Amino acid sequence: MARLTSLRIGGLADVVVRPESREELAAVLALVEARPLPHYVVGGGFNTIVRDGGIRGLVVHLGALRAVRFTGDGSVEAEAGATHATVTRLCAEHGRAGLEFAVGIPGTVGGWIVMNAGIVEREMKDVVESIEVLLPEGRNPLQLSRDELRFRYRALDLPRGAVVVSARFRTSPDDPAEVQERMRAHLEHRRRTQPVDRLTCGSVFKNPEGDHAGRLIEAAGLKGARVGDAEISTVHANFIVNRGRAAASDVLRLIERAHSEVLRRFGVDLEPEVHVLGEEP
Ligand SMILES: Cc1cc2nc3c(=O)[nH]c(=O)nc-3n(C[C@H](O)[C@H](O)[C@H](O)COP(=O)(O)OP(=O)(O)OC[C@H]3O[C@@H](n4cnc5c(N)ncnc54)[C@H](O)[C@@H]3O)c2cc1C
């Protein structure tokens, strides 16, 4: 799983399936439902940690479902496996404003939606018009409009086993150069404030009400703290960096340390944002 996650950590999965079409995805979901078999969807793996023992069961990777198209009414429709880089680059090229905030939120459209990814000013819930999901028992995708979607902070409530197949985003026409310029400014801000050129899994903890997890971890004196090759980023304390040979167990021990130190010193019980999958070795 190290090859499918941005921390480059994690043991073997029993099986990785890459459906080439919606029909193949429906067939895979029908199979895992009928057996039943444990299964997990991985997008870009930018907010996922896989334990060192790997994954018993099936990993569904949607990299082949990655079509992006611009509709006549100003929306962008993207399949779940389309990457953040492709979607935002095409928006800039076609002069479509609305998704500039997401330019540096790495991952896939499926991960963006399930995580309600965003920044302080804007999240996916503000730009999504509808999504399509496949349910384990259904052969055809179900369309859910924005009114039917229950987005929360870095989460979306979906029916059990639902896999996001595509999303439709509302955008508006704009000068391509201006869209590009706003994206450049977002990326520039990130380069100053996050360890973007390192192996990381994004924010480890959700920000507690009225505060920032990074501020609390830094105030607990943990910036730069290490377990093995896992390090609390010296740039932003809510990021853990793999300095090269970190194991998932190192990262998880560091997360536990940050959690318990912040709880002990400030009484704040930080909630994880990153998703942890798999088995102990
Ligand atoms: C340097 C860096 C900066 C980041 N900055 C931000 C930021 O500013 N804001 C922010 O919100 N996040 C940020 N993140 C976290 C990450 O980019 C987002 O959470 C992103 O949405 C993850 O997408 P992914 O495809 O990689 O998801 P994954 O990590 O692959 O998956 C995340 C969860 O979504 C589920 N999932 C993925 N695809 C589907 C699907 N098609 N159907 C059903 N379930 C699915 C997975 O099972 C998993 O539970 C950052 C990460 C990094 C490394």
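How many aromatic pairs does the structure hold? The points below begin with the answer.

1. The structure holds 1 aromatic pair, where rings of Phe, Tyr and Trp (its six-membered ring) pair if their centres lie within 6.5 Å. W112 and F169 make up this pair in an edge-to-face arrangement, at 6.1 Å centre to centre and with 80° between the planes. By the convention used, planes under 30 degrees apart count as stacked, over 60 as edge-to-face and the rest as tilted. The pair links distant parts of the chain, W112 being in helix 3 and F169 in strand 12, 57 residues apart. Helices (H or I, at least four residues) and strands (E, at least two) are DSSP runs, numbered from the N terminus.

2. This is a predicted model, in which local features need pLDDT of at least 70 and side-chain atom pairs count only at pLDDT 80 or more, while totals for chains, interfaces and linings use all residues. Residues are numbered from 1 along each chain as its sequence is written, and side-chain values use heavy atoms, with hydrogens and water left out.

3. W112 counts as buried because its relative accessible area is 1%; F169 is buried as well, at 0%. Buried means under 20% relative accessible area, exposed over 50%, and partly exposed in between (1.4 Å probe, protein chains only).

4. Around the ligand there are 32 residues, of which V41, P106, T108, G118 and H275 come nearest; a residue is near a molecule if one of its heavy atoms lies within 4 Å of it. By class, this shell has 16 nonpolar, 14 polar and 2 charged residues. Ala, Val, Leu, Ile, Met, Phe, Trp, Tyr, Cys and Pro count as nonpolar, Asp, Glu, Lys and Arg as charged, and the others, Gly among them, as polar.

5. A polar backbone atom of G44 is 2.8 Å from a ligand oxygen atom. The protein covers 92% of the 980 Å² of accessible area that the ligand has on its own (Shrake-Rupley method, 1.4 Å probe). Strand 2 (39-42), helix 3 (109-114) and strand 12 (163-170) are the elements that give two or more residues to the shell, and helix 3 gives the most, with 4 residues.

Key
Polar contact = N/O pair within 3.5 Å; in protein donor to acceptor, adjacent residues only side chain to side chain.
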